[in-house]
Amino acid sequence: MAITLAFDVYGTLVDTNGITDTLRKRVGDRAPAVAKAWRDKQLEYAFRRTVMGDFADFADCISDALDFTLRVYSVSLGAAERERLLEAYQRLPAFLDAEPGMEDLQQAGYRAFAFSNASRETVSKLLGDNSLRQYFEDVVSAESVAAFKPSPQVYAAFLSRVSTPAEQTWLISGNQFDIIGARSVGWQAIWVRRLPNVVYDPWGLEPNATVSTLTELPRVLPAP
């Protein structure tokens, strides 16, 4: 049976640190730290909402996390400037290896889907703006089950939507929580470890393989 590839989007295909230059205009040298804190808080809010059963669009997590981060760093923004930052987050750039990596996989005959905590509409536009939408059969969003990855419900919803068995489904993600979530429900998974100093969470659920760029995927994946 052919394998199915499920690609995480934020932190895997598009660079969440791509907001740093926009932030630098407002917070100067603190921009990298602010960008990281903003991203970390988005995920924390998503995890909290899933545990509490209080689902909201991931865009709300992004917005609330921005407000928290601005308070932490004592940054005051007007409504228009805050809105411009949120709009910029919807235009994050793709990693340089994303398009050539996806092109290689498409040419090789792999079946690929985008798989994200963000809404289907948001992801479709983000991929389209980065010339990546053409490489995916469809976009599968966590919104369909009103929970966020790494909830088992989200991975189950993907399998149901795509009609593929867990053991033949390969998650490609730069997020460790996502890799662990997928492995815990019987998926295969490849961790995209873009920075060599990043340490993997010691949960006993290791990825099947680790790569540093998406262009390495054909080397470690089974044949389509």
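**Entry 1: aromatic cluster**

I began with a cluster in which ring pairs link Phe 113, Phe 115, Tyr 155, Phe 158 and Trp 187. The model is a predicted one, in which local features need pLDDT of at least 70 and side-chain atom pairs count only at pLDDT 80 or more, while totals for chains, interfaces and linings use all residues. Residues are numbered from 1 along each chain as its sequence is written, and side-chain values use heavy atoms, with hydrogens and water left out.

I found 13 aromatic pairs listed for the structure. I noted what makes a pair: rings of Phe, Tyr and Trp (its six-membered ring) pair if their centres lie within 6.5 Å, and planes under 30 degrees apart count as stacked, over 60 as edge-to-face and the rest as tilted.

I looked up Phe 113 and Phe 158, whose ring centres are 5.9 Å apart with planes at 90 degrees, so this pair is edge-to-face. The pair links distant parts of the chain, since Phe 113 is in strand S2 (residues 111-116) and Phe 158 in helix H7 (residues 152-162), 45 residues apart. Helices (H or I, at least four residues) and strands (E, at least two) are DSSP runs, numbered from the N terminus.

Phe 115 is buried at 0% relative accessibility, and Tyr 155 is buried at 0%.

**Entry 2: charges over rings**

I looked for charges over rings, taking NZ of Lys or CZ of Arg within 6 Å of the ring centre and within 35 degrees of the ring normal. Lys 149 lies over the face of Phe 115, 4.4 Å from the ring centre. The charged end of Arg 194 sits over the ring of Phe 95, at 3.7 Å from its centre.

**Entry 3: helices H2 and H4**

I turned to helix H2 (residues 31-52) and helix H4 (residues 79-89), which pack at an angle of about 75 degrees with their axes 14 Å apart. The axes are lines fitted to C-alpha atoms, for helices over the stretch in contact, and angles run from 0 to 180 degrees between N-to-C directions. H2 and H4 are therefore roughly perpendicular to each other. Under 35 degrees counts as roughly parallel, over 145 as roughly antiparallel, 65 to 115 as roughly perpendicular and the rest as oblique.

Which residues of H2 and H4 meet? Trp 38, Arg 39 and Gln 42 in H2 meet Leu 85, Leu 86 and Tyr 89 in H4. Contact means heavy atoms within 4.5 Å. By class, the contact of H2 with H4 has four nonpolar, one polar and one charged residues. Ala, Val, Leu, Ile, Met, Phe, Trp, Tyr, Cys and Pro count as nonpolar, Asp, Glu, Lys and Arg as charged, and the others, Gly among them, as polar.

**Entry 4: Phe 47 and Pro 150**

I stayed with helix H2 to look up Phe 47, which lies there. Phe 47 is partly exposed, at a relative accessible area of 30%. Leaving aside neighbours within four places in sequence, Phe 47 is in contact with Lys 149, Pro 150 and Phe 177. Phe 47 and Phe 148 are 6.8 Å apart in space, C-alpha to C-alpha, and 101 residues apart in sequence.

I checked the peptide bond from Lys 149 to Pro 150 and found it cis, with omega near 15 degrees. Pro 150 is in the loop between strand S3 (139-141) and H7.

I noted a phi near 60 degrees for Ser 131, a positive value in a residue other than glycine. Ser 131 lies in the loop between helix H6 (120-129) and S3, and is partly exposed at 37%. Ser 163 has a positive phi of about 60 degrees, although not a glycine. Ser 163 is in the loop between H7 and strand S4 (169-173), and is exposed at 63%.

Last, I looked up Gln 188 in strand S5 (residues 188-192). Gln 188 is buried, with a relative accessible area of 16%. The C-alpha atoms of Gln 188 and Trp 170 are separated by 4.6 Å. Not counting residues up to four places away in sequence, Gln 188 touches several residues, including Ala 166, Leu 171 and Asn 208.

Terms used: Buried < 20%, exposed > 50% of the residue type's maximum accessible area, 1.4 Å probe, protein only.
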